[in-house]
Amino acid sequence: MMPIRTSKTFIFNGISSVEFGIENVNISSGMLSEPFVSTRKINEIKIRGRNNPYFQDIEYEPLEFELNFAFKNRWDSQLIRNVARWLTSPSYYAPLIFSEMPDRVFYCLVAESPELIH
């Protein structure tokens with residue numbers, strides 16, 4: 001089980017979200033959902049004249065998930081810049097640890113454009 005959505009805080013690249021006054025939140029209503037295994041792609045070879053393809057292997061994609069967090073207090077442009085620098089500065093996979101499962105370490109990167117909702 002991966003209680004990512006229920007973890008209130010997280011540590012990314014050795015820095016706690018608490019230092020920025022950030023908490024992990026759910027912005028949708030209803031039940032929480034999150035991926036628990038990565039996407040797999042089946043690689044096959046199709047041969048002319050044969051109805052069934054030949055299985056080659058399975059290719060694994062990285063596990064992807066979305067985080068939503070909120071500032072507990074007021075924020076300004078300087079704090080936003082600091083958070084953006086914290087999240088996007090690693091050019092390599094950095095450790096991510098959630099408060100609900102401190103014994104599990106994910107190595108990840110911010111892959112898509114962060115979005116500011118206010």
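Hello everyone. Before we start, a word on the source: this is a predicted model, where local features need pLDDT of at least 70 and side-chain atom pairs count only at pLDDT 80 or more, while totals for chains, interfaces and linings use all residues. Residues are numbered from 1 along each chain as its sequence is written, and side-chain values use heavy atoms, with hydrogens and water left out.

Let's begin with the overall plan.

How much of the chain is buried? Of the 118 residues, 23% are buried. Buried means under 20% relative accessible area, exposed means over 50%, and partly exposed is in between, with a 1.4 Å probe and protein chains only. The accessible surface of the chain is about 9200 Å², and carbon and sulfur atoms account for 51% of that. Those areas come from the Shrake-Rupley method with a 1.4 Å probe; for residues, only the protein chains shown count as cover.

Now for contacts, which means heavy atoms within 4.5 Å. Take the contacts between residues at least 6 apart in sequence: 58% of them join residues at least 24 apart.

Next, the sheet. In which order do the strands of the open sheet come? The order is β2-β1-β7-β8, four strands with antiparallel pairing. Two strands pair if DSSP finds at least two bridges between them. At the edges we find β2 (15-16) and β8 (101-108), each pairing on one side only. Strand β1 (residues 10-12) and strand β7 (residues 94-98) run antiparallel and are joined by three bridges. F12, for instance, has L96 in β7 as its bridge partner.

Have a look at I11, which also lies in strand β1. This residue is partly exposed, at 35% relative accessibility. I11 and L96 are 85 residues apart in sequence, yet their C-alpha atoms are 5.6 Å apart in space. Leaving aside residues up to four places away in sequence, I11 touches S16, P95, L96 and I97.

You will find S17 in the loop between β2 and β3, and S17 is buried, with a relative accessible area of 0%. Not counting residues up to four places away in sequence, S17 touches T9, F10, I22 and W86.

On to the aromatic rings. A pair of rings is described by the distance of the centres and the angle of the planes. Rings of Phe, Tyr and Trp (its six-membered ring) pair if their centres lie within 6.5 Å; planes under 30 degrees apart count as stacked, over 60 as edge-to-face and the rest as tilted. How many aromatic pairs does the whole structure have? The search finds seven. One of them is F71 with W75, a tilted pair at 6.3 Å centre to centre and 35° between the planes. W75 is partly exposed, with a relative accessible area of 35%. Another is F98 with F106, an edge-to-face pair at 6.0 Å centre to centre, with 75° between the planes. F98 is buried at 1% relative accessibility, and F106 is buried too, at 8%. Ring pairs also link F10, F12, F20, F69, W86, F98 and F106 into a cluster.

One more ring to point out: R50 lies over the face of Y54, 4.1 Å from the ring centre. The rule is that NZ of Lys or CZ of Arg is within 6 Å of the ring centre and within 35 degrees of the ring normal.

Last, the salt bridges. A salt bridge is a side-chain nitrogen of Lys or Arg within 4 Å of a carboxyl oxygen of Asp or Glu, and there are two by this rule. In one, the closest N and O atoms of K8 and E23 are 3.7 Å apart. K8 lies in the segment before β1 and E23 in strand β3 (residues 22-24), so the pair ties together parts that are 15 residues apart in sequence. K8 is partly exposed at 49%, whereas E23 is buried at 19% relative accessibility.

E23 also forms a salt bridge with K72, with the closest N and O atoms 3.8 Å apart. Because K72 sits in the loop between β6 (69-71) and α1 (77-88) and E23 in strand β3, this pair ties together parts that are 49 residues apart in sequence. K72 is exposed, with a relative accessible area of 55%. Put together, K8, E23 and K72 are linked in a network of salt bridges.

Methods. Helix = DSSP H or I, 4+ residues; strand = E, 2+ residues; numbered from the N terminus.
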